[in-house]
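The paragraphs below walk through a structure one part at a time. Keep the sequence and the view side by side while reading.

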Amino acid sequence: MIEARNLVKRYGSTTAVDDLSFSIRPGLVTGFLGPNGAGKTTTMRMILGLDAPTQGSVAVGGRSYRDLPAPMREVGALLDAKALHGGRRARDHLLCLAQSNGISRRRVDEVLRIVGLEGVAGRRAKGLSLGMAQRLGIASALLGDPAVLIFDEPVNGLDPDGIHWVRTLMRTLAAEGRTVLVSSHLMSEMALTADHLLVIGKGRLIADTSVDEFVRSSSQQSVHVRSPQAAELAARCREAGAAVRATDPDVIEITGMDSAEVGRLAAADGIALVELTPIRASLEEAFMELTRDSVEYQAAGVTR
Amino acid sequence: MTGATIAPAGPDHRAAFPAATFGDALRSEWTKLRSVRSTFWALAVTVVLGIGLGAAISAAAAHGYAKSSVSGKLSWDPTAVSLDGMAIASLAIAVLGVLCISSEYSSGMIRTSLIAVPKRGRVLAAKSLVFAAVTFVVGEVTSFAAFFVGQALIGGHAPHAALGDPGVARAVVGAGLTLTALAVLSVAAGTLLRHPAAAIAAMIALLFVLPGIAQALPDSWRNPVTEFWPTLAGGQLANVYISPHTLQPWTGFGVMCLFVAVVYAIAWTLLDHRDA
């Protein structure tokens, strides 16, 4: 259980996190979603006691992170897979972390096995690929067998096999009753992994909802129609209150009306249809739509 | 890998896990220190420079003794001469001390470390204690070896010292103690400045550059500097002959320790309050 109340983080005049309140429940994978620069990492850093909030507070299991008596046994975290000493062997990296929380040497070998890194345990960290480093970071998060897990972009740098493995792992951890918070800037990734979504943009909470609900509420439907009398049909649809966009002389995109209704209108006026296709916006598009106004770094002149 | 269970015990079995202790942090820091190659190299350089340079300086000084002036003969301190290499060797300890924390900043490991041990003072205390202990052992071994090698080379050419002579044992042990204080200071400097290059530059300035500049100043300026400059004052502990305008051995070491304590307190406070 992670609970944030009115969390604010300012760096000088920039507000990275702006009055964020949420509570992340156990037993679910919660996707923490937002465009780059939305404040995801800053929020995670505040949860983990690395950054002090300018205002507000955040608690893990009812306590502020810095007050946890054995932090690694309560919270496992992976913020940056490359945040390790390049000259240290993978096993020693895990060992020094384990020892700091009184975790046994046996558990180090155990987590190495879980993430599939036994073979490179003796290799120095700088010799690990980004994918291996991600696995090592995940191994360190699992060391304390914690009830709360926090991962910042864990699939970065992983091959398709690794991505699938991470998804399965997240789902397994949540199914065991743990609280799992995973950040990503890719909606498509979250659609496959998360049960619940926390969407932020420019540091503000945009949505706190289940994935299903998010899809239902935000996916815009449109109807793709090809007809020799496209212009005529467009006029009829506009009269009926729909928005119409002509993409070709004989192709139109109708929004605000479903395909059945478009069909009825066409039949009533004797308009011949060559093609009538309902189009559901992808999750990715829904997410873009939702965060359009809050994208921090937008390429000028490029709109979708 | 896919078949492995994540938690054989399951997440409900953590009712009474033990709190992490300072001892845990010490074990962790010891693993960190011994698991990187730079530790081995820096300590090897300390030993080799401390003994080797000490031997070279001892041999050269002993051969020059006969031709030296009366005042030079009066202030002849064979113990200090044999320990002279330690002053140069201290640079290796300063660099290693700076690196053992600032390399965590440059690699990002510090965030991993502070997530594992969010009580930041504990990380700093454990790190400096482990490094100070290692430096103390290496420093004393080097110091005693340098003393015996140096006296063997001096003997026959100039008066040499024995461990039983007044003040000699204190000076030999003292050379290791000064190195240990320097070790703590360099960890604090690394914490304070965070960037390895900046912290190493600061240590070089403190150890060599600024005292060197002071030598070029007129006496009225130079004397108080050589008397109270922390690293020079601390170095008094390794001298048997007390020259004018210098502090008594333990007073000098006290001045250095006071300086280390002040820098350490600032580093501790900043570490605790800064975003990592």
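Start with a pair of strands in chain A. Strand E10 (residues 221-226) and strand E12 (residues 251-255) of chain A are joined by five bridges and run antiparallel. One of the bridge pairs can be picked out by residue: His224(A) has Glu253(A) in E12(A) as its bridge partner. Note before going on that the model is a predicted one.

These two strands belong to an open sheet of four strands, whose order in chain A is E11-E12-E10-E13, with antiparallel pairing. Which strands stand at the edges? They are strand E11 (243-248) and strand E13 (275-280) of chain A, and each of them pairs on one side only. On average, neighbouring strands of this sheet are turned by 20 degrees against each other, direction ignored. A helix also packs on this sheet: helix H10 (residues 259-268) of chain A touches E10, E12 and E13 of chain A. The direction of H10 makes about 155 degrees with that of E13(A).

Strands of a sheet pair through backbone hydrogen bonds, and the pairing is either parallel or antiparallel.

Chain A has another sheet to look at. Three strands form this open sheet, in the order E2-E1-E4 (chain A), and the pairing is antiparallel. Strand E2 (14-24) and strand E4 (55-60) of chain A each have a single partner strand, so one side of each is left without a neighbour in the sheet. From one strand to the next, the twist averages 20 degrees. Strand E1 (residues 2-11) of chain A is joined to E2(A) by seven bridges, and the two run antiparallel. Within that pairing, Ile2(A) stands opposite Ile24(A) in E2(A). Here too a helix packs on the sheet: helix H1 (residues 40-47) of chain A touches E1, E2 and E4 of chain A. The direction of H1 makes about 115 degrees with that of E1(A).

Next come two helices that meet each other. Two packed helices are described by the angle between their axes and the distance between the axes. For helix H3 (residues 90-100) and helix H4 (residues 105-114) of chain A, the axes come within 9 Å and cross at roughly 130 degrees. H3(A) and H4(A) are therefore oblique to each other. The crossing in which H3(A) passes H4(A) is right-handed. On the H3(A) side, the residues that meet H4(A) are Arg91(A), Leu94(A), Leu95(A) and Ala98(A). Their counterparts in H4(A) are Arg105(A), Arg107(A), Val108(A), Val111(A) and Leu112(A). Sorted by class, this contact has six nonpolar, no polar and three charged residues.

Finally, step back to chain A as a whole. Chain A has eleven helices and 13 strands, and its C-alpha atoms fill a box of roughly 80 × 45 × 35 Å along the principal axes. Of the 304 residues in chain A, 45% are buried. Among contacts in chain A between residues at least 6 apart in sequence, 68% join residues at least 24 apart.

Note on methods:
Residues are numbered from 1 along each chain as its sequence is written. Chains are lettered from A and ligands numbered from 1 in the order in which they are written. This is a predicted model: local features need pLDDT of at least 70, side-chain atom pairs count only at pLDDT 80 or more; totals for chains, interfaces and linings use all residues. Two strands pair if DSSP finds at least two bridges between them. Axes are lines fitted to C-alpha atoms, for helices over the stretch in contact, and angles run from 0 to 180 degrees between N-to-C directions. Two residues are in contact if their C-beta atoms, placed from the backbone, lie within 7 Å. Angles under 35 degrees count as roughly parallel, over 145 as roughly antiparallel, 65 to 115 as roughly perpendicular and the rest as oblique. A crossing is left-handed if the near helix is turned anticlockwise from the far one by less than a right angle, and right-handed if clockwise. Ala, Val, Leu, Ile, Met, Phe, Trp, Tyr, Cys and Pro count as nonpolar, Asp, Glu, Lys and Arg as charged, and the others, Gly among them, as polar. A residue is buried if 20 or more other C-beta atoms lie within 10 Å of its own, exposed if 12 or fewer, and partly exposed in between; C-beta atoms are placed from the backbone.
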